[in-house]
Amino acid sequence: MTDLNLEFNYPEFILPAINSNKHFVVVPAGRQVGKTYNFAQWIIRETMRLNCPSLWVDTVHTNIDKYIERYFKPLLRPISSYCDWNAQKKILKLPRGYIDFGSAQKPENLEGFNYKRAVLNEAGHILKKDSLWHNTIMPMIKAEDNQTRIIGTPKGQNLFYELFLRGLANDPEYESFQYTVYDSPYWSAKQIEDVRRKTPELIWKQEYMASFEAFAGMIYPDFKEEIHCKASPERKVTDIFFVSLDPGWEHPTACILAKEDLEGNLFVIDEFRESHLHVGDISRYLQSMLVRNGLKEEDIEMFIIDPSGRKTDQTSGQSILFQLQEEGWGFVPANNDLMPGISRVTRMIRENRLFIDKNRCPLLVEEIKNYHWKEFNDGSYGMNPTPYKIGDDLVDTVRYLCMARPDYFEHPKVNMYGQLEKEEEEEDVDINDTIDDMMSGDSLI
Ligand SMILES: Nc1ncnc2c1ncn2[C@@H]1O[C@H](COP(=O)(O)OP(=O)(O)OP(=O)(O)O)[C@@H](O)[C@H]1O
Ligand SMILES: [Mg+2]
């Protein structure tokens, strides 16, 4: 018979997790550190060594074919004529032993055998529901001579986390190993630095540092209703006001009214969010929002609008910004830099300087609590995380507000008697006078 010895190559860092003799070995690891490849090697080695049935569990069925092509076939190439992949039944026959493949997506196909070796890939996903582990997988791997490797990038604090903790505690059946991108030879320092720079903090910790974060998908995890929902204090003469608007059509038009006190705290005090508003409607909504808050247009320090409001509207041939200006609203385009904006809002929340009146702005509170990063099919957030684009209308106006609110807005001043100090009267300059001057040649001396 031909030599059936395969050469296995493991990176040094992963050897303790590969060679452990514990029943359950739990391996949370960052993206692309080498989990799948190396535990594919392990299960091939073990299956052939023991001439036994083994089990590989993944998230979805389509991933199985992908892994066979990408990892198993190349690894088995030297002995490919002694192997057989049955794509229908999802069984990989090796010269000694075989591996059954199944997915959390079709647990009904996963049943029956006493497997000696098992790998649960992407455990963060497949252990989202406890029942798969307790009812389906456990009966197949509970024998004392079984060894199971539970590998994946963490996805919040689910059962994967619990099993990881068991391995850290003194449970004799469990052992845990945690690997970050810094441990893996497949990541260069430069690649790590690049991804770290553009990845939001919690996603970075979860996806690359393999940490079990409770709110990794949330964009504003620091927002706490008990702290940040509060009615705004009574109006003071030193308060200044802002309106922030994100116009839309199907995607609704959203608008908030906020006030800033002398200490730099921002209070969102009113909102509206409505689809299919024409400019005239927006104008009326703005007017009534001011009226119900006892404000006049000149009380508003700044009207801020999504900069795409500058784009020309197909039907009217004019931009929304221009049309609103025509209606007498002096809007200025906001700064729409996403990540700096999110950081700024985050800072305001962390420093407890952003508050929302929940009774008057229930829609914004709902949006801010649900605002999350878009998750891709493979469960990652991609190389450039972006917010999930539904239900983000009012939260965007908060971002524009915080970006438009540098720390130098002048508040009205009061004297030692609490009276409003008179501002120096600015001389009214009539643009027509200037033009007249120019025409008459007076200014050309
Ligand atoms: N022992 C090895 N020898 C050679 N290349 C390896 C080895 N282990 C991993 N790699 C390479 O490193 C890369 C990442 O490996 P792998 O896909 O196993 O990582 P992962 O942690 O499962 O990633 P993901 O988070 O995407 O699931 C792959 O390109 C793979 O070929
Ligand atoms: Mg993988």
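Author: The account below describes the ligand, its contacts and the pocket around it. This is a predicted model in which local features need pLDDT of at least 70 and side-chain atom pairs count only at pLDDT 80 or more, while totals for chains, interfaces and linings use all residues. Residues are numbered from 1 along each chain as its sequence is written, chains are lettered from A and ligands numbered from 1 in the order in which they are written, and side-chain values use heavy atoms, with hydrogens and water left out.

Ligand 1 is surrounded by 15 residues, each having a heavy atom within 4 Å of the ligand; Asn9, Lys35, Thr36, Tyr37 and Tyr71 are the closest. By class, this shell holds five nonpolar, seven polar and three charged residues (Ala, Val, Leu, Ile, Met, Phe, Trp, Tyr, Cys and Pro count as nonpolar, Asp, Glu, Lys and Arg as charged, and the others, Gly among them, as polar). Helix α2, residues 35-50, gives the most to the shell, with five residues; helices here are DSSP runs of H or I with at least four residues, numbered from the N terminus.

A backbone N or O atom of Tyr37 lies 2.7 Å from a ligand oxygen, a side-chain N or O atom of Gln32 is at 2.8 Å from one, and a polar backbone atom of Val33 is at 3.2 Å from one. Taken alone, ligand 1 exposes 630 Å², of which the protein buries 76% (accessible areas by the Shrake-Rupley method with a 1.4 Å probe).

The space taken by ligand 1 is the largest pocket, since more than half of the ligand's atoms lie within 2 Å of the pocket's grid points. A pocket is an open set of points on a 1 Å grid over the protein atoms alone, where a 1.4 Å probe fits, with protein on both sides within 12 Å along at least five of seven lines; lining residues have an atom within 4 Å of a point. The volume of this pocket, the space filled by probe spheres set on the points, is about 650 Å³. Its lining has 27 residues, and Arg31, Gln32, Tyr67, Glu122 and Asp378 are the closest to its centre.

Note on methods:
A polar contact is a pair of N or O atoms within 3.5 Å; within protein, one must be able to donate a hydrogen and the other to accept it, and residues adjacent in sequence count only if both atoms are side-chain atoms. Helices (H or I, at least four residues) and strands (E, at least two) are DSSP runs, numbered from the N terminus.
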